[in-house]
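Student: I am new to this one. Please show me how to read it, feature by feature.

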Amino acid sequence: MTRVWIKVKPGAKHESIEMMDDGTLKVNVTAHPVEGKANEAVCELLAKKLSLRRSDVRIVTGKASRLKQVELPLSLEEIYRRLNGSSEGRVVK
């Protein structure tokens, strides 16, 4: 299991995941942060883009914050490979 820091932008126009230089993932979701809807959208988007089950994605810290830590059953290298192979600011829509 790998823990990854993510920065969430709820209420975005488009859903996407961007890999930042520092290893953080920037996750944009269209859902608003009301009643956990943005958190659920983040988990669903990560699961979809990483070819995982929704139950494989777990928010560990930051449930009420834009900066969160998620736990995934993949190595960091595999996460980057599945998100188009690089950690250099690539956007995955």
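Student: Where is the place of Leu83?
Tutor: Leu83 sits in the loop between α2 and β6 (91-92). Helices (H or I, at least four residues) and strands (E, at least two) are DSSP runs, numbered from the N terminus. This is a predicted model: local features need pLDDT of at least 70, side-chain atom pairs count only at pLDDT 80 or more, and totals for chains, interfaces and linings use all residues. Residues are numbered from 1 along each chain as its sequence is written, and side-chain values use heavy atoms, with hydrogens and water left out.

Student: Is Leu83 buried or exposed?
Tutor: Buried means under 20% relative accessible area, exposed over 50%, partly exposed in between (1.4 Å probe, protein chains only). Leu83 counts as buried because its relative accessibility is 0%.

Student: Which residues touch the most other members of the largest nonpolar core?
Tutor: A nonpolar core is a set of buried Ala, Val, Leu, Ile, Met, Phe, Trp, Tyr and Cys residues joined through side-chain atoms within 4.5 Å. Here the largest has 26 residues, and Ile6, Leu25, Val27, Val29, Leu46, Leu50 and Leu72 touch the most other members. Elements giving two or more residues to this core include α1 (37-49) and α2 (76-82). The largest share, seven residues, comes from α1.

Student: Where is Arg54?
Tutor: Arg54 is in the loop between α1 and β4. Arg54 counts as partly exposed, because its relative accessibility is 32%. Cys43 is eleven residues from Arg54 along the chain, and their C-alpha atoms are separated by 6.5 Å.

Student: And where does Arg66 lie?
Tutor: Arg66 is in the loop between β4 (58-61) and β5 (67-72). Arg66 counts as exposed because its relative accessibility is 56%.
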